[in-house]
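Hi there,

Here is the structure I promised to pass on to you. Have a look at it first, and then read on for what I found in it.

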Amino acid sequence: MTTRDHYDAIVIGAGQAGGPLSTALVKSGRTTALIERRHVGGTCINEGCTPTKTMVASAEAAYMARRAGEYGVRVGPVAVEMAVVRDRKRAIVESFRSGSEKQIVGGGVDLLMGGARFTGPHSLSVRMDDGSTRDLSADLIFINAGGRPARPSLPGLDTVNSLDSTSIMELAEVPEHLLILGGGYVATEFGQMFRRFGSEVTIVQHGPKLLPREDADIAEAVLAILREDGIRVLLNSSGEAVEAAGTGVRLTISTPGGRDALSGSRLLVATGRTPNTEELDLKTAGIATDKGGFVVANERLETSVPGVYALGDIKGGPAFTHISYDDFRIVRANLLEGGHRTTTGRFVPYTVFIDPQLGRIGLGEEEARAAGHRVRIGVMPMNQVARALEVDRTRGLMKVVVDGESDQILGAAILGLDGGELMAMLQIAMMGNVPYTALRDGIFAHPTLAEAFNNLFQSLRDG
């Protein structure tokens, strides 16, 4: 059975842009359909931020319990019940997901559960979960279909029961030895997490450093922290083949010293993400994509087809929840409020939830030099921060990049206790064009982490 409907607007994907956009469109008086093929909330609520950070909290609890004796607190043996960790994660995800769904449906949006594909520039066919088909059309269409873990062309991968960033969170038992392919944010977060749960962990990274987007000194500091935690990290190494070995896996790798083989109980593939564009049949609509399959969009988020927009991870670029949400705000401002917002020059803050956290904003040192700035660099280890010493969380460092001519803060990397929160303070200063001297000379409460900015900016040196 096929039904045909015309809407003022159609949103594909109920992610962190699509959900609020659909309700905003309805509030503006537009009839709106929101198509979701799996779960309301997108990657963030279901497979990304919410579940992973919930599990990071469990891992940190195990880590601090083992360290309790260092604080003069006596505890018994620490054991991790992985099924309980998983179930706690599931409950929080379900709470967030159901809350989002109620908000969308209660806001008057037609929520259609099914898979969409374009049949023309402004028309779609939706295969509904009940087996029926709906043909839809709209003057405005917004694509917020997101992405998924990439699967590399590794010989033998299809013959083993490998894990990705979604399936690893459904484990009911702690793996004895977790092998990880990749050295980015997903690899480092899950690597440290499962090491704290009790796994032996080996990370295989094809490049010369972890976290390739970061400055070399920050990447080196992260590497040192992971190795201190007992994680084996192999750099300049890549997977050549994988095969089943009893109840586990055997991973053949290429290293600077030659070929080697690693035996593990489970394999996590963390080699990036790919956009969910294949099933959308974008060519039929004339919507342009890049070589990676991501939708090409301009600074106002409009695609090559007028009236069709791309938001969130589907368009490539920074794959962060807050960027997806800001995409929604750009579209809302321009289409519903008569504004003129663009993606040009917007800040892209992010936090890597390893311990200690890595909070990042603006330009790194290497980026600032490449952009032609005369930079001044401030670096201070966390073991010189009074608050960090008092709570015995002194790993990491603070690093700031300042323009030597304007005294403006160009960027920062805070690898330390509550690094994400400290980064946000610096972002606020950058948003307000506050010169670094205001933080160098400011009065902050003692003892707080923020007062470390006095000494951090006092340490500036010419680059």
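Strand E7 (residues 177–181) and strand E8 (residues 200–204) run parallel and are joined by 5 bridges. Strands and helices here are DSSP runs numbered from the N terminus (a strand is E with at least two residues, a helix H or I with at least four), and two strands pair if DSSP finds at least two bridges between them. Within this pair, Leu179 stands opposite Thr202 in E8.

Before you go further, please note that this is a predicted model, where local features need pLDDT of at least 70 and side-chain atom pairs count only at pLDDT 80 or more, while totals for chains, interfaces and linings use all residues. Residues are numbered from 1 along each chain as its sequence is written, and side-chain values use heavy atoms, with hydrogens and water left out.

E7 and E8 belong to an open sheet of 4 strands with parallel pairing, in the order E9-E8-E7-E13. Strand E9 (232–234) and strand E13 (266–269) are at the edges with a single partner strand each, so one side of each has no neighbour in the sheet. From one strand to the next, the twist averages 20°.

Helix H5 (residues 185–197) packs on this sheet and touches E7, E8 and E13; contact means heavy atoms within 4.5 Å. The direction of H5 makes about 165° with that of E8. Axes are lines fitted to C-alpha atoms (for helices, over the stretch in contact), and angles run from 0 to 180 degrees between N-to-C directions.

How do H5 and helix H3 (residues 49–66) meet, and at what angle do they cross? Their axes come within 8 Å and cross at roughly 45°. That makes H3 oblique to H5, because angles under 35 degrees count as roughly parallel, over 145 as roughly antiparallel, 65 to 115 as roughly perpendicular and the rest as oblique. Among the residues making the contact are Met55 and Tyr63 of H3 and Phe190 and Met193 of H5.

Now for some antiparallel strands. Strand E3 (residues 110–120) is joined to strand E4 (residues 123–128) by 6 bridges, and the two form a hairpin with 2 residues between them. Gly120 has Ser123 in E4 as its bridge partner. E4 also runs antiparallel to strand E5 (residues 133–143), with 5 bridges, and there Ser123 is partnered by Ser137. In the hairpin of E4 and E5, with 4 residues between the strands, Gly131 takes a positive phi near 95°.

Happy exploring!
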